[in-house]
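Please find below a short note on the structure, arranged as numbered points. Each point takes up one feature and may be read beside the model.

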Amino acid sequence: MSMRFPHEPTPDHLADTGSSRAVQVSCQQSVGGCRRTMGCVSLIGALALTVGSAVLLLTMPSADVAQLPAPTQIVVVTADAPTAQPQIAPTAALGDSQSISALPTIAPDELFSLLMTPVAALDFENPADRIQIAAPLYEPFTIIPDRPRGEVIQYEVQSGDTIFRIAELFGLQPESIAWANERSIIGGLRPGRMINILPVDGVYYTVPQDETIQSVANRFRVEPYTIIDSEYNRLFGATPETLLPTGTRVVVPGGKAESIVWAPPVQRVGGDSRRGGAGGRISFAQGEAGSCGLVDNPGGGASWVRPVAAGSYQWTRGFTALHPGVDLAGAVGTPIFAANSGTVIFAGWNSYGYGYAVVLAHGAYTTVYAHLSAVNVGCGQFVNAGQVIGAMGATGNASGPHLHFEIRYNDVPQNPTTAIAF
């Protein structure tokens with residue numbers, strides 16, 4: 001076996017022809033010269049390419065920008081034909097001086113005058129000066145939640161309004177309506193009168209003479225910082241010793257003023273105290289449309305009956321300090337009976353929230369039948385226990401057909417369930 005190393009000469013019988021080998025040896029010996037030759041050729045070619053490009057740019061005619069195709073287009077819709085197909089107009093050439101000069105211009109002094117004109121100088125009564133900004137409504141069904149009010153507002157009393165109805169309308173207690181206004185509104189509301197409505201339950205107080213915040217807080221049984229920190233008063237930074245000037249009006253959130261008796265006024269004249277006032281005269285809510293004025297009060301019977309027949313009503317609300325009676329719900333037109341014998345001292349409309357009502361006098365006792373749809377008795381009429389005096393309804397401050405029934409002793413509301421088994 002024979003082995004050949006990398007640099008061992010090739011045997012003659014395995015070698016190429018003599019001419020080929022000669023060329024191979026010649027190129028190997030002149031490899032350095034070949035590389036130098038190729039480098040010179042490449043350099044000459046690059047130089048020729050550069051010169052040719054420069055000549056081309058110098059000899060090329062200048063192109064007008066207006067001759068280039070417009071990159072964008074403006075859609076012009078004429079006002080005379082809003083439903084027609086839009087016309088396509090090319091964009092004005094940037095290099096066209098005639099197009100540029102056609103643009104609107106303004107003199108520098110006129111521009112400065114416009115910028116320095118205050119807004120107040122515009123006459124908004126002049127239609128030419130009025131500005132209207134319209135925005136598309138992208139979400140027509142978006143519901144905006146109610147947000148709490150941040151100030152005292154004024155409300156105009158409407159026909160048929162009561163303090164209770166207004167309080168319910170604004171989510172307040174009736175006392176907050178009274179404590180924010182002159183107390184005369186308790187006796188009756190007149191349509192067209194403007195009354196204050198607080199943003200929260202509490203008191204709206206007018207300082208009669210210089211008074212500290214601490215004194216006001218003590219008066220209405222709250223902490224002084226309840227007044228100071230309230231966003232409605234803008235007293236941030238004040239202290240309990242801060243003096244409020246005469247005439248200052250402050251909201252006292254959660255404040256409590258005097259107790260209010262919401263019952264309509266009752267007047268009694270004469271009568272035998274041993275018989276519970278029987279024999280004298282009595283009036284209920286004088287000045288109201290349904291009031292009978294002073295009426296003889298001969299007294300009443302000893303027994304009590306249900307004002308609504310058993311099985312024709314549903315008990316819905318009982319007696320509380322804020323609800324001086326009971327509510328019995330039923331169908332409109334359900335007969336209402338006198339709970340005791342007595343005299344009619346009120347028959348008609350009442351603005352204290354009762355709607356159409358009947359009031360009977362029974363000596364020291366009185367009974368109230370409210371929210372009626374019909375009144376079947378008249379002023380001064382004497383009725384017997386169990387006699388039909390009206391029909392159930394939903395008039396006045398009522399959320400549905402029911403009878404609001406009260407029993408009062410010496411004009412103080414009593415729990416009717418102590419006298420009648422419902």
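1. With which residue does E211 form a salt bridge? The partner is R219, and the closest N and O atoms are 3.0 Å apart. A salt bridge here is a side-chain nitrogen of Lys or Arg within 4 Å of a carboxyl oxygen of Asp or Glu. Side chains of opposite charge can pair when their charged atoms come close. E211 is buried, with a relative accessible area of 7%, whereas R219, at 45%, counts as partly exposed. Buried means under 20% relative accessible area, exposed over 50%, and partly exposed in between, with a 1.4 Å probe and protein chains only.

2. A word on the basis of this note. This is a predicted model, in which local features need pLDDT of at least 70 and side-chain atom pairs count only at pLDDT 80 or more, while totals for chains, interfaces and linings use all residues. Residues are numbered from 1 along each chain as its sequence is written, and side-chain values use heavy atoms, with hydrogens and water left out.

3. The structure holds 6 salt bridges. Another one of them joins the side chains of R268 and D411, at 3.2 Å from N to O. R268 lies in strand β9 and D411 in the loop between β21 and β22 (412-414), so this pair ties together parts that are 143 residues apart in sequence. Helices (H or I, at least four residues) and strands (E, at least two) are DSSP runs, numbered from the N terminus. R268 is partly exposed, at 28% relative accessible area, and D411 is partly exposed at 24%.

4. Strand β9 also belongs to an open sheet of 3 strands, in the order β9-β10-β11, with antiparallel pairing. Two strands pair if DSSP finds at least two bridges between them. β9 (266-269) and β11 (295-297) stand at the edges with a single partner strand each, so one side of each is left without a neighbour in the sheet. Strand β10 (residues 280-284) is joined to β11 by 3 bridges, and R281 stands opposite D296 in β11.

5. The side chains of R408 and E406 meet in a further salt bridge, at 2.7 Å from N to O. Both R408 and E406 are buried. T366 counts as buried, at 2% relative accessibility.

6. H402 is placed in strand β21 (residues 402-409) and counts as buried, at 10% relative accessibility. A polar atom of its side chain lies 2.8 Å from the backbone oxygen of G400. Not counting residues up to four places away in sequence, H402 touches several residues, among them D327, L328, H371 and M392.

7. Which residues does A338 touch, beyond those up to four places away in sequence? They are V305, L360, Y369, V383, N384, A385, G386, Q387 and I389. A338 lies in the loop between β14 (335-337) and β15 (342-350), and it is buried, with a relative accessible area of 0%. The C-alpha atoms of A338 and V359 are separated by 9.5 Å, the two residues being 21 residues apart along the chain.

8. The structure holds 9 aromatic pairs. Rings of Phe, Tyr and Trp (its six-membered ring) pair if their centres lie within 6.5 Å; planes under 30 degrees apart count as stacked, over 60 as edge-to-face and the rest as tilted. The ring centres of Y155 and F170 are 5.6 Å apart and the planes stand at 75 degrees, so this pair is edge-to-face. Y155 is in strand β3 (residues 153-156), and F170 is in the loop between α5 (163-169) and α6 (174-178). Y155 is buried at 15% relative accessible area, whereas F170 is partly exposed at 25%.

9. W349 and Y356 form an edge-to-face pair as well, with ring centres 5.1 Å apart and planes at 80 degrees. W349 is partly exposed at 31%, and Y356 is partly exposed at 38%.

Note on methods:
Contact means heavy atoms within 4.5 Å. A polar contact is a pair of N or O atoms within 3.5 Å; within protein, one must be able to donate a hydrogen and the other to accept it, and residues adjacent in sequence count only if both atoms are side-chain atoms.
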